Amino acid sequence: MESFRARVASPVGPWGVEGTARAITKVYMPSETFRATARASEVVASAAGQLAEYFAGTRREFRVPLEDVEATEFQRQVWVALTRIPYGATATYADVAAAVGRPRAARAVGNANHANPWPIFVPCHRVVGALNLGGYGGGLDVKEFLLDLESHPR
């Protein structure tokens, strides 16, 4: 199946959206290398547009079809739980672990977050440590930017 990639500008660097004609397969953070394709499918173009609106502060929810990717059942449960964290809110790794019925699996939640192929669309940046920001695959400066963007609506 043909793959398409689009670039999305943000104040913390370019993001990339990759997908097919039917769903999004990956979101690239500014720290990751990707190359945009000459054209994008409607799905990829729509997702890139929604991401641009998010960075502009005018979008809080996404309507993006996500490709079914290889993952463990636990990762899938965590990713669903992440989509339930409202815009502008945060949850701790322990909160997410409890939400998926595994209250002692906070560290495993961090690993599932790191494996999330669709950052922002599946908002892993909203998960923080009990005493600090925790980690983020795109870097803590990017996580801070995203949390600040959501805490100061435009």
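The model is predicted, so local features need pLDDT of at least 70 and side-chain atom pairs count only at pLDDT 80 or more, while totals for chains, interfaces and linings use all residues. Residues are numbered from 1 along each chain as its sequence is written, and side-chain values use heavy atoms, with hydrogens and water left out.

**Aromatic rings**

- Rings of Phe, Tyr and Trp (its six-membered ring) pair if their centres lie within 6.5 Å; planes under 30 degrees apart are stacked, over 60 edge-to-face, and the rest tilted. The count by this rule is eight aromatic pairs.
- Trp15 and Phe55 make a tilted pair, with 5.7 Å from centre to centre and 40° between the planes. This pair ties together distant parts of the chain, since Trp15 belongs to strand β2 (residues 15-19) and Phe55 to helix α1 (residues 42-55), 40 residues apart. Helices (H or I, at least four residues) and strands (E, at least two) are DSSP runs, numbered from the N terminus.
- Both Trp15 and Phe55 are buried. Here buried means under 20% relative accessible area, exposed over 50%, and partly exposed in between (1.4 Å probe, protein chains only).
- Tyr28 and Phe34 have ring centres 5.2 Å apart and planes at 25°, so they count as stacked. Tyr28 and Phe34 are buried too.
- Tyr28 also has Lys26 over its face, at 4.8 Å from the ring centre. That label needs NZ of Lys or CZ of Arg within 6 Å of the ring centre and within 35 degrees of the ring normal.
- One aromatic cluster takes in Trp15, Tyr54, Phe55, Phe62, Tyr87, Phe121 and Phe145.

- What is buried in helix α4 (residues 106-115)? Val109, Ala112 and Asn113 are. Down the axis of α4, these buried residues fall within an arc of 105°, so they line one face of the helix. The arc is taken from the directions from the helix axis to the C-beta atoms.
- Turned away from that buried side, α4 carries the exposed residues Arg107, Asn111 and His114.
- The cover over the buried residues of α4 includes α2 (73-83), α3 (93-99) and β5 (127-128).
- In α2 the buried residues are Phe74, Gln75, Val78, Trp79, Ala81 and Leu82. They fall within an arc of 160° seen down the axis of α2, so they line one face of that helix.
- Covering the buried residues of α2 are elements including α3, α4 and β5.
- The α2 and α4 axes come within 9 Å and cross at roughly 80°. Axes are lines fitted to C-alpha atoms, for helices over the stretch in contact, with angles from 0 to 180 degrees between N-to-C directions.
- At the meeting of the two helices, Phe74, Gln75, Val78, Trp79 and Leu82 of α2 touch Ala108, Val109, Ala112, Asn113 and Ala115 of α4. Contact means heavy atoms within 4.5 Å.

- Where does Glu67 sit? Glu67 is in the loop between α1 and α2, and at 16% relative accessibility Glu67 counts as buried.
- Not counting residues up to four places away in sequence, Glu67 touches Thr20, Arg22, Ala23, Ile24, Thr25 and Trp118.
- Asn113, in helix α4, is buried with a relative accessible area of 8%.
- Leaving aside neighbours within four places in sequence, Asn113 is in contact with Val78, Leu82, Tyr93, Cys124 and Val127.
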